[in-house]
Amino acid sequence: MTIKVGDKLPAGTLMEFVEVEKEGCSIGPNPVNIEDLTRGRKVVIFGLPGAFTPTCSAKHVPSYLANYDKLKAKGVDTIVCMAVNDAFVMGAWARDQKTGDKVRMLGDGSADYSKALGLELDLTAKGLGVRCQRFSMLVDNGIVKTLNIEAPGKYEVSDAETMLKQLG
């Protein structure tokens, strides 16, 4: 069943590649508990089929980077990009996209969290395996407040500009 507005996010863990060791985070892949990530915070999560793919690299991630300050001004605490890739790939993509501290690039390597959200996308016939649908959502203290799911092959409603309009 696909997650919907008003639902609490399911429990789960994504992985984040950390380049600089800090308290509680070693260098390399580190688990990110979704409940901890969203507790007491407004979090924008956007998902996409994969790192380094054309639309994701040219449009989706750049829209959130370009609108980072506006989203923060609207009360967003954290912006998360998730894709069905491992933490190493997401870390390399973060460097390529120059996300810095603006967008956390989290890997859902086995598509377990995409499946828990009901947002998996089977691209096996195209040689890509199970991926994540393109979407965006605003989560407030673990509860989905807005949800924008793209039609297959589209990029029309999950961009940062749409999220900004929804934030008012």
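## Working through a predicted model

In this predicted model, helix α2 covers residues 54–66, which is 13 residues, and runs 18 Å from its first C-alpha to its last, close to the 18 Å expected at 1.5 Å a residue.

**Exercise 1. Find which residues of α2 are buried, and what the helix packs on.**

Start with the side chains: C56, S57, H60, V61, S63, Y64 and L65 are buried in α2.

Now the sheet. Seven strands make up an open sheet with mixed pairing, ordered β2-β1-β5-β4-β3-β8-β9. At its edges sit β2 (28–33) and β9 (143–149), each pairing on one side only. On average, neighbouring strands are turned by 30 degrees against each other, direction ignored.

Then put the helix on: α2 packs on this sheet and touches β3 (42–48), β4, β5 and β8 (135–140), with its direction at about 175 degrees to that of β3. Helix α6 (residues 160–167) packs on the sheet too, touching β3, β8 and β9, and its direction makes about 135 degrees with that of β9.

**Exercise 2. Work out how β4 and β5 pair.**

Strand β4 (residues 78–83) and strand β5 (residues 104–107) are parallel partners, joined over four bridges. Take V80 as an example: its bridge partner in β5 is R104.

Key: Residues numbered from 1 in each chain as written. Predicted model: local features only at pLDDT ≥ 70, side-chain atom pairs only at ≥ 80, totals over all residues. Heavy atoms only, no water. Helix = DSSP H or I, 4+ residues; strand = E, 2+ residues; numbered from the N terminus. Expected span 1.5 Å × (residues − 1). Buried < 20%, exposed > 50% of the residue type's maximum accessible area, 1.4 Å probe, protein only. Pairing = 2+ DSSP bridges. Axes fitted to C-alpha atoms, helices over the stretch in contact; angles between N-to-C directions. Contact = heavy atoms within 4.5 Å.
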